[in-house]
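Reader: Hello! I am new to reading protein structures. Could you walk me through one, feature by feature?

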Amino acid sequence: MNVQQHGGVSAQGLWRTRGYPTWFTADTATAVGVALRTLAITLLGYHISGSTVTAGWIGSASMVAQQVCSVFGGTFVDRHSRRTLIIVNALAGMLCWGTVFVLLGLDLMSVPTLLVISTVSSAINGFLGSATDAALKEIIAITDYPKARSLNEGRDAMVNMSGSHISGFLYGIYPWLPFLLSALAYAAAGVAATRLPKHGAPHDEADVRFIHAFTEGWSWTLRKPLLVISVAAISVLNFGVNGIQYAIQLHLASAGVSATYIGFISTGVFLAMFVGALVSSRLSTRVPVGLTTCGAFVFVCIAMLPMTFTDNYWGILISNSVACFPFPIVNAMLLGFIFAKAPESMQGRVSVALTVPCNILTAFCSAAAGSLLARWGFSVAVIVFLTLMALSAIAICAYRPIRRIPKASEWDQISL
């Protein structure tokens, strides 16, 4: 890759790279839209159904739709203009959550309607969502991937740190407010995306049949043992961590805790992740990726332990927040390494081949958390999810090729 094509990033920085500020703006607006609606959906689902199980299945149905569509979305993204797909995805988000705003304002919302809208929105996002990460590879150089991902992690932490709290606060005023602002954020993302540099589909994909391109991405990933082990471990860790997040939200909602205080749980998570992103930006190119990743997995499990003994609000807030500190570090390093080593023409398919297996179990977190809470209570739910997290930490630490992944400056010397 010709670094000069990307504006001499090493000397001038990412912000002077042509297209990067616009890409960052569009991606940030999308992140704002997601942050404003995520907590509100859980609260609304419980409010209109009165059941943690029903509220949990609304979230799970959406996640299943997203993951199923993601399986084919990466191939579609690699065969079409990623700029156009980002715009279409933003438009769909604006229409879906704008509809929720209107229906709530007219007092016409029901459980089936919320389920349908959430599922449709998630399906479209699953099919087109990988276009954003794929577009980044068209803009920046490989050596700037760790730095760019660290910036993204810090941005996400800031957005979600404030967005979740604001979402809970706005929901407490009027349930339709967070959905209105989410729709506006998606609209802003679409407008920003119109100013991205124009790139067509990768030239070597133009004449390739869809089914061949689809299988090529999956076979490329499955032939890499390091990727298979990483994906399996991250998948189980994601299930455990997200299961605990849903258990906390549903437990507090069923206990009558205010939406604002529930929002503070997410604020604590993303405050810790923001600190983690700052640390990541300092360490992402300086420390070995493998050993740092192993340490992060173990740290998360240890930090979650106190919640097996107490359901005290402040105990939950502190333990859950601290546990999320290393996530930006792992994302910037391990996932940065994987995406940086993947071919540019396969970014969409590789993204899907990684994220779908990593998130497939997560699709059932909400339903699992709601069911565990209803039958055995909060402590047992945490113990179940934490046990799975411990198994993922053992797997990642036991696999030698992952432990030996070097720092970013040495990535050119190794292959996947």
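Author: Gladly! Let us begin with an idea we will need for surfaces: a nonpolar patch is made of residues with over 30% relative accessible area and no salt bridge, with nonpolar side chains joined within 5 Å. Keep in mind, too, that this model is predicted.

Reader: Which residues form a nonpolar patch on the surface here, and how much accessible area do they have together?

Author: The patch consists of Val102, Leu106 and Leu108, and together they have about 290 Å² of accessible area. One of them, Val102, sits in helix α4, which covers residues 82-105.

Reader: Is Val102 buried, partly exposed or exposed?

Author: Buried means under 20% relative accessible area and exposed means over 50%, with partly exposed in between. Val102 has 41%, so this residue counts as partly exposed.

Reader: Which residues of α4 and α5 meet?

Author: On the α4 side, they include Leu85, Val88, Trp97 and Leu103; among their partners in α5 are Ile117, Val120, Ile124 and Leu128.

Reader: Let us look at buried residues. What can you tell me about Thr42?

Author: Thr42 has a relative accessible area of 12%, which means that it is buried. This residue lies in helix α2, residues 20-49. Leaving aside neighbours within four places in sequence, Thr42 is in contact with Ala55, Tyr246, Gln249 and Leu250.

Reader: And where is Tyr171?

Author: Tyr171 belongs to helix α7, residues 145-173. Its relative accessibility is 11%, so Tyr171 counts as buried. If we do not count residues up to four places away in sequence, Tyr171 touches Ala40, Leu43, Leu44, His47, Pro178 and Ala259. Take Leu44: it is 127 residues from Tyr171 along the chain, yet their C-alpha atoms are separated by 8.6 Å.

Reader: How many residues apart in sequence are Ser60 and Ser366, and what is their separation in space?

Author: They are 306 residues apart in sequence and 5.5 Å apart in space, C-alpha to C-alpha. Ser60 has its place in helix α3, residues 52-77. With a relative accessible area of 1%, Ser60 is buried.

Conventions. Residues are numbered from 1 along each chain as its sequence is written. This is a predicted model: local features need pLDDT of at least 70, side-chain atom pairs count only at pLDDT 80 or more; totals for chains, interfaces and linings use all residues. Side-chain values use heavy atoms; hydrogens and water are left out. Helices (H or I, at least four residues) and strands (E, at least two) are DSSP runs, numbered from the N terminus. Buried means under 20% relative accessible area, exposed over 50%, partly exposed in between (1.4 Å probe, protein chains only). Contact means heavy atoms within 4.5 Å. Patches are made of residues with over 30% relative accessible area and no salt bridge: like charges are joined within 9 Å, nonpolar side chains (Val, Leu, Ile, Met, Phe, Trp, Tyr) within 5 Å. Accessible areas come from the Shrake-Rupley method with a 1.4 Å probe; for residues, only the protein chains shown count as cover. A salt bridge is a side-chain nitrogen of Lys or Arg within 4 Å of a carboxyl oxygen of Asp or Glu.
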